Amino acid sequence: MKRSGKRFLIAAFIAALGVALIFSVAAASSTLTNKEQLGKFLFFDKNLSLNNNQSCASCHAPEVGWTGPLSATNAHGAVYEGSIPGAFGDRKPPSSAYATFSPILYMDKKGQFVGGNFWDGRATGEILGSPAAEQAKGPFLNPKEQALPGAAELVIKVCTATYGALFRQVWGASICDPANTAMAYDAIGYSVAAYEGSAEVNTFTSKFDYSLVGKAKLSQQERLGYALFQGKAKCKLCHVVSGKQPLFTDFTYDNLGIPSNTENPAYQADPNFVDPGLGGFLAHRSDYAAYAAENMGKHKVPTLRNVDLRPSDDFVKAYGHNGYFKSLWGIVHFYNTRDALPTCPGDYTEAQALAANCWPAPEVAENVNTAELGNLGLTYAEEQAIVAFLKTLSDGYMP
């Protein structure tokens, strides 16, 4: 072999070695910690339910932005069946991604409640110092979700699982002792929260993220949508865009005047059902009960990250705390025209309301936000531009 050929092979080998090293470093940097890996096992384990048929991921699936993964369910009631057949909650699953950034519930200087998890903020974080950890504990024992009879049963399932040794490694050899059940229950919550807070869940890999560092360029329509989002449409007032990695939420609570979703099983069980949201939770707290009335009907402002992430174009996602809306354009149009269009003469679905050019009355008429939405004066083209921008917030974009 000629010397030039040898040099070429050596250079190629060095280049390949360099690439291999780069990939190995990248892999190492994205590797989950032991606690995060434990949380991942817990998050996807269907055995942690009464009938071994429901995991956290059953309602918070990564392929749809860590929310409900059943298109047919989303298209109607949008509420998911629990481990017990026929048992349903009354709200759409919120995204579990980017949820760990929510602070412990508090009242700000404006008198607004900020932080906590769940749509109504009841996972305050005051006990464990982490709203996400407190939220993670809830579904395991909720009779309408994973429905285990108690913390002891949950801990036994975890300690006897294939990852039981990892649970002991992370939390100590005595964590599975019956005397430590309460501690182990908390540890399960912390572990799930650790996974939810990991770089595997909160990837910040949307087209918008790449555009911020010059690795992607938004289209003209997407840029118009972003400008409207920041200005005329007033979206940024709640879905805050700040910092190097915006979260698109201010963690406050709001009553948008969303109509009742009459396909929701809660309304079918009780036609007079009304979801009080944050106000309902505050009413059961002696220290916050005085603020309950002014917060009735308010629900947590969700992050808009992954708001359009879906496995296929025909997959239906639901929006709003009760899943009333079935399309991004539908909810944007609602924000724009809620107070400009007539009130529908009945409990219309989103499709019926759009066809009739009206909107049903709010589920909760008190405390509706009329200052920041309802009659924005956006054109159809501007609404579509905002939708185009929202679609740039899905993780997994390849620049």
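The disulfide between C344 and C358 is right-handed, because the torsion about its S-S bond is about 105 degrees. The sulfur atoms of C344 and C358 lie 2.0 Å apart, a disulfide being a pair of cysteine sulfur atoms within 2.5 Å. This bond links distant parts of the chain, with C344 in the loop between α12 and α13 (350-356) and C358 in the loop between α13 and α14, 14 residues apart. Helices are DSSP runs of H or I with at least four residues, numbered from the N terminus. C344 counts as buried at 5% relative accessibility, and C358 counts as buried at 5%; buried means under 20% relative accessible area, exposed over 50%, and partly exposed in between, with a 1.4 Å probe and protein chains only. The structure is a predicted model, in which local features need pLDDT of at least 70, side-chain atom pairs count only at pLDDT 80 or more, and totals for chains, interfaces and linings use all residues. Residues are numbered from 1 along each chain as its sequence is written, and side-chain values use heavy atoms, with hydrogens and water left out.

A search of the whole structure finds two disulfides. In the other bond, C159 and C176 have their sulfur atoms 2.0 Å apart, and a torsion of about -95 degrees about the S-S bond makes this disulfide left-handed. C159 belongs to helix α5 (residues 151-159) and C176 to the loop between α6 (164-171) and α7 (181-196), so the pair ties together parts that are 17 residues apart in sequence. Both C159 and C176 are buried. Counted along the chain, the bonded cysteines follow the pattern 1-2, 3-4. C59 is also buried, at 12% relative accessibility, but its sulfur is 8.9 Å from the closest cysteine sulfur, in C56, which is too far for a bond.

Aromatic contacts were examined next. Rings of Phe, Tyr and Trp (its six-membered ring) pair if their centres lie within 6.5 Å; planes under 30 degrees apart count as stacked, over 60 as edge-to-face and the rest as tilted. By this rule there are 26 aromatic pairs. One of them, edge-to-face, joins F208 and Y226 at 5.4 Å centre to centre, with 75 degrees between the planes. F208 lies in helix α8 (residues 207-212) and Y226 in helix α9 (residues 220-230), 18 residues apart. F208 is buried, with a relative accessible area of 1%, whereas Y226 is partly exposed at 23%. Ring pairs link F208, Y226, F229, F248 and F389 into a cluster.

The largest pocket has a volume of about 510 Å³. A pocket is an open set of points on a 1 Å grid over the protein atoms alone where a 1.4 Å probe fits, with protein on both sides within 12 Å along at least five of seven lines; lining residues have an atom within 4 Å of a point. Of the 25 lining residues, G89, D90, R91, R122 and E145 lie nearest the centre of the largest pocket. Helices α4 (131-141) and α11 (278-282) each supply at least two residues of this lining. R122 also lies over the face of F118, at 3.7 Å from the ring centre; the criterion is that NZ of Lys or CZ of Arg is within 6 Å of the ring centre and within 35 degrees of the ring normal.

Key:
Grid points are joined across faces, edges and corners, and a volume is the space filled by probe spheres set on the points.
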